[in-house]
Amino acid sequence: MDLLNTLVDKGLRRETPTRAEALAVLATSDDDLLDVVAAAGKVRRHWFGRRVKLNYLVNLKSGLCPEDCSYCSQRLGSKADILKYTWLKPDQASQAAAAGLAGGAKRVCLVASGRGPTDRDVDRVSDTIRAIKEQNEGVEVCACLGLLSDGQAERLRQAGADAYNHNLNTSESTYGDITTTHTYADRVDTVQKAHAAGLSACSGLIAGMGESDEDLVDVVLSLRELDPDSVPVNFLIPMDGTPLAGEWHLTPQRCLRILAMVRFVCPDVEVRIAGGREVHLRTMQPLALHLANSVFLGDYLTSEGQAGKADLEMIADAGFEVEGADQVTLPGHRAAGGGCGSPEGGGACGTAPETAGACGSAADAPRTDLVAVRRRGAGTDLAPNA
């Protein structure tokens with residue numbers, strides 16, 4: 001296909017595809033799917049080889065959020081039967097992180113529900129970051145605490161944080177349809193604050209909330225312009241008790257096309273398969289490794305993921321290797337600060353909300369049996385899945 005040849009060439013040169021080209025990727029047929037995966041895989045291997053970076057989530061504070069994000073089981077008014085607990089102490093969070101690190105994770109993502117942290121909350125998280133860093137040499141720590149106020153990103157950086165995650169989630173034009181308690185501009189501002197403080201910015205999207213192809217392309221093009229180092233791609237997990245509980249539209253093929261489109265638009269960025277991969281990619285998860293170079297290990301914030309051992313076996317069986325602590329994730333030009341949007345030079349963590357995406361037929365019945373609320377790990381007395 002001429003389209004795929006053009007996109008590969010652009011990806012190797014770090015040129016932005018046109019909006020029409022990105023839309024065309026999402027419109028390809030199932031008959032062309034393997035060609036799409038192979039083409040995007042060339043771009044992925046050019047910038048990241050066959051390495052897969054492992055990330056591990058620690059939910060520092062679960063539930064009781066005052067925001068009304070429709071996709072989230074921790075939202076205001078949620079009826080989801082999830083774990084609810086207040087802040088973990090630094091030693092508890094460090095112990096939870098150790099399980100993921102023992103399983104091969106290179107980055108720990110510290111997440112807390114809420115609109116945004118108070119200054120006292122930043123102190124708490126800073127103590128946790130220091131505890132994890134002191135006990136685990138070389139570990140990367142990413143914080144995800146909601147909307148940041150002036151000066152908070154700098155304080156997290158001083159405490160040792162390497163990155164900050166705040167997802168755009170969907171296009172600006174439809175953002176008000178999923179959240180009313182804050183704006184799309186608020187989210188952009190927080191990512192920019194992280195950038196300015198010297199943190200590695202991480203920002204991604206959620207597919208499967210009833211959005212159109214145009215919405216998906218627009219949010220990814222916006223991410224390209226915002227230039228985060230990593231882009232997590234979440235697939236909505238429609239949790240009972242949330243407004244989007246009935247949004248079962250994604251097929252494995254659709255998920256792969258979305259990941260391929262993200263790779264073409266953000267060729268040299270850490271693309272992470274985040275929440276919902278087990279539910280929607282299912283047995284086609286190994287193909288997604290040809291598109292993304294990063295995954296979450298084990299469970300998510302309030303839902304269960306695939307067993308950590310199964311993740312490691314899948315990566316090895318697909319012919320990929322887990323990225324080591326001594327290996328640099330990003331290409332050299334991005335590490336130098338040039339960014340993904342500047343061909344002259346240039347240059348990550350994403351949270352996994354209970355988030356999934358669109359276009360299925362009656363034959364593609366949703367596997368609702370794969371959705372399970374997390375009952376182990378952080379905030380419980382049971383061993384985590386890592």
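The exercises below concern side-chain contacts in a predicted model.

**Exercise 1.** Determine how the rings of Tyr175 and Tyr184 are arranged, and whether each residue is buried or exposed.

Solution.
- Step 1. A pair of aromatic rings is described by the distance of the centres and the angle of the planes.
- Step 2. The ring centres of Tyr175 and Tyr184 are 6.1 Å apart, and the cut-off for a pair is 6.5 Å.
- Step 3. Their planes stand at 70°. Angles over 60 degrees count as edge-to-face, so Tyr175 and Tyr184 form an edge-to-face pair.
- Step 4. The count of aromatic pairs comes to 1.
- Step 5. Buried means under 20% relative accessible area. Tyr175 has 2% and is therefore buried; Tyr184, with 9%, is buried as well.

**Exercise 2.** Find which arginine lies over the face of Phe320 and which lies over the face of Phe296.

Solution.
- Step 1. Over Phe320 lies Arg50, at 4.4 Å from the ring centre.
- Step 2. Over Phe296 lies Arg272, at 5.4 Å from the ring centre.

**Exercise 3.** Locate the salt bridge partner of Lys53 and state which elements the pair links.

Solution.
- Step 1. The partner of Lys53 is Glu270, with the closest N and O atoms 3.5 Å apart.
- Step 2. Lys53 belongs to strand β1 (residues 51-61) and Glu270 to strand β8 (residues 270-273). The two residues are 217 residues apart, so the bridge links distant parts of the chain.
- Step 3. Lys53 is buried, because its relative accessibility is 1%. Glu270 is also at 1% and counts as buried.

**Exercise 4.** Describe the salt bridge between Asp123 and Arg155.

Solution.
- Step 1. The closest N and O atoms of Asp123 and Arg155 are 2.4 Å apart.
- Step 2. Asp123 is in helix α5 (residues 119-135) and Arg155 in helix α6 (residues 152-159), so the bridge ties together parts 32 residues apart in sequence.
- Step 3. Asp123 is partly exposed at 41% relative accessibility, and Arg155 is partly exposed at 25%.

**Exercise 5.** Work out where Arg334 and Asp229 lie and what their salt bridge ties together.

Solution.
- Step 1. The N to O distance in this salt bridge is 2.9 Å.
- Step 2. Arg334 sits in helix α14 (residues 332-335), while Asp229 sits in the loop between α9 (213-226) and β7 (230-235). The pair therefore ties together parts 105 residues apart in sequence.
- Step 3. Arg334 is buried at 4% relative accessible area, and Asp229 is buried at 15%.

**Exercise 6.** State how many salt bridges the whole structure holds and which residues join Lys53 in one network.

Solution.
- Step 1. The search of the whole structure finds 24 salt bridges.
- Step 2. Through shared partners, Arg107, Glu140, Glu270 and Arg272 join Lys53 in one network.

Note on methods: Residues are numbered from 1 along each chain as its sequence is written. This is a predicted model: local features need pLDDT of at least 70, side-chain atom pairs count only at pLDDT 80 or more; totals for chains, interfaces and linings use all residues. Side-chain values use heavy atoms; hydrogens and water are left out. Rings of Phe, Tyr and Trp (its six-membered ring) pair if their centres lie within 6.5 Å; planes under 30 degrees apart count as stacked, over 60 as edge-to-face and the rest as tilted. Buried means under 20% relative accessible area, exposed over 50%, partly exposed in between (1.4 Å probe, protein chains only). A charge sits over a ring if NZ of Lys or CZ of Arg is within 6 Å of the ring centre and within 35 degrees of the ring normal. A salt bridge is a side-chain nitrogen of Lys or Arg within 4 Å of a carboxyl oxygen of Asp or Glu. Helices (H or I, at least four residues) and strands (E, at least two) are DSSP runs, numbered from the N terminus.
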